[in-house]
Amino acid sequence: VAVPALALPGFLLGRSGGEEREPARNSASAGALLLRHTDGWRRLDGREPIPGLSLADPVTLEHDDGDHPATLRAGMAIGAEGALALPPAFLARLEEMPAPEIVRLGSIAAIRYRELMHRELDDALTVYVVPTNRGAATIACAARHVAPEQREPSGAARCEDVATTLTLLGAQPREL
């Protein structure tokens with residue numbers, strides 16, 4: 001009961017994603033997920049997965065401007081379950097239990113977990129999850145933690161710009 005009550009104000013007051021700095025001219029697909037991105041992102045093949053967060057048909061994008069690098073990994077999470085819609089193996093590797101926020105990724109309602117500290121990674125993670133009839137569509141963004149006064153344009157903001165372009169292909173979102 002408390003989780004939906006806390007998440008509702010975030011959904012009503014907040015919006016996931018800021019204004020894009022340039023048009024998203026490129027696209028990348030991961031099974032049932034389609035994401036649009038700017039020229040600053042490049043697709044990586046054979047990238048190491050996030051420990052505990054296995055994704056079916058993953059796509060990995062990287063943005064490295066030197067100051068605020070970011071890596072985005074998207075796909076359908078394998079073993080995602082429960083109210084948090086995350087795999088238990090991933091949850092076990094986090095410093096603390098994540099606090100869900102309900103946000104919109106374009107026209108799709110999603111769960112966002114911000115600034116997760118993974119025991120095996122140096123960068124903070126932001127994870128977006130959209131439960132669908134085909135599994136949990138998941139976007140994980142790893143970005144170096146920076147001081148609040150240096151956030152814009154941070155790697156996390158760049159990831160969020162890409163996450164807000166999510167289109168589901170052949171999958172229907174479930175009600176949160």
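How many salt bridges does the structure hold? I looked this up before anything else. The structure holds 6 salt bridges, a salt bridge being a side-chain nitrogen of Lys or Arg within 4 Å of a carboxyl oxygen of Asp or Glu.

**Basis.** I note that this is a predicted model, in which local features need pLDDT of at least 70 and side-chain atom pairs count only at pLDDT 80 or more, while totals for chains, interfaces and linings use all residues. Residues are numbered from 1 along each chain as its sequence is written, and side-chain values use heavy atoms, with hydrogens and water left out.

**Chain.** I recorded 3 helices and 10 strands, taken as DSSP runs numbered from the N terminus (helices H or I, at least four residues; strands E, at least two). Along the sequence their pattern reads α-β-β-β-β-β-α-β-β-β-β-α-β. Of the 176 residues in the chain, 47% are buried; buried means under 20% relative accessible area, exposed over 50%, and partly exposed in between (1.4 Å probe, protein chains only). I then took the contacts (heavy atoms within 4.5 Å). Among those between residues at least 6 apart in sequence, 57% join residues at least 24 apart. The accessible surface comes to about 9,100 Å², and carbon and sulfur atoms account for 50% of that surface; the areas come from the Shrake-Rupley method with a 1.4 Å probe, and for residues only the protein chains shown count as cover.

**D39 and R25.** I found the side chains of D39 and R25 in a salt bridge at 3.2 Å, N to O. D39 lies in the loop between β2 (33-37) and β3 (41-44) and R25 in the loop between α1 (2-13) and β1 (26-30), so the pair ties together parts 14 residues apart in sequence. D39 is partly exposed at 48% relative accessible area, whereas R25 is exposed at 56%.

**E101 and its partners.** I next examined R112, whose salt bridge with E101 has its closest N and O atoms 3.3 Å apart. R112 belongs to strand β7 (residues 108-116) and E101 to strand β6 (residues 101-105), so this pair ties together parts 11 residues apart in sequence. Both R112 and E101 are buried. R114 also forms a salt bridge with E101, with the closest N and O atoms 2.9 Å apart. That pair links strand β7 to strand β6 across 13 residues. R114 is partly exposed, at 48% relative accessibility. Salt bridges that share partners join E101, R112, R114 and E160 into one network.

**T165.** I located T165 in the loop between α3 (155-163) and β10 (167-168). T165 is buried, with a relative accessible area of 14%. A polar atom of its side chain lies 2.6 Å from the backbone oxygen of V162.

Technical notes
A polar contact is a pair of N or O atoms within 3.5 Å; within protein, one must be able to donate a hydrogen and the other to accept it, and residues adjacent in sequence count only if both atoms are side-chain atoms.
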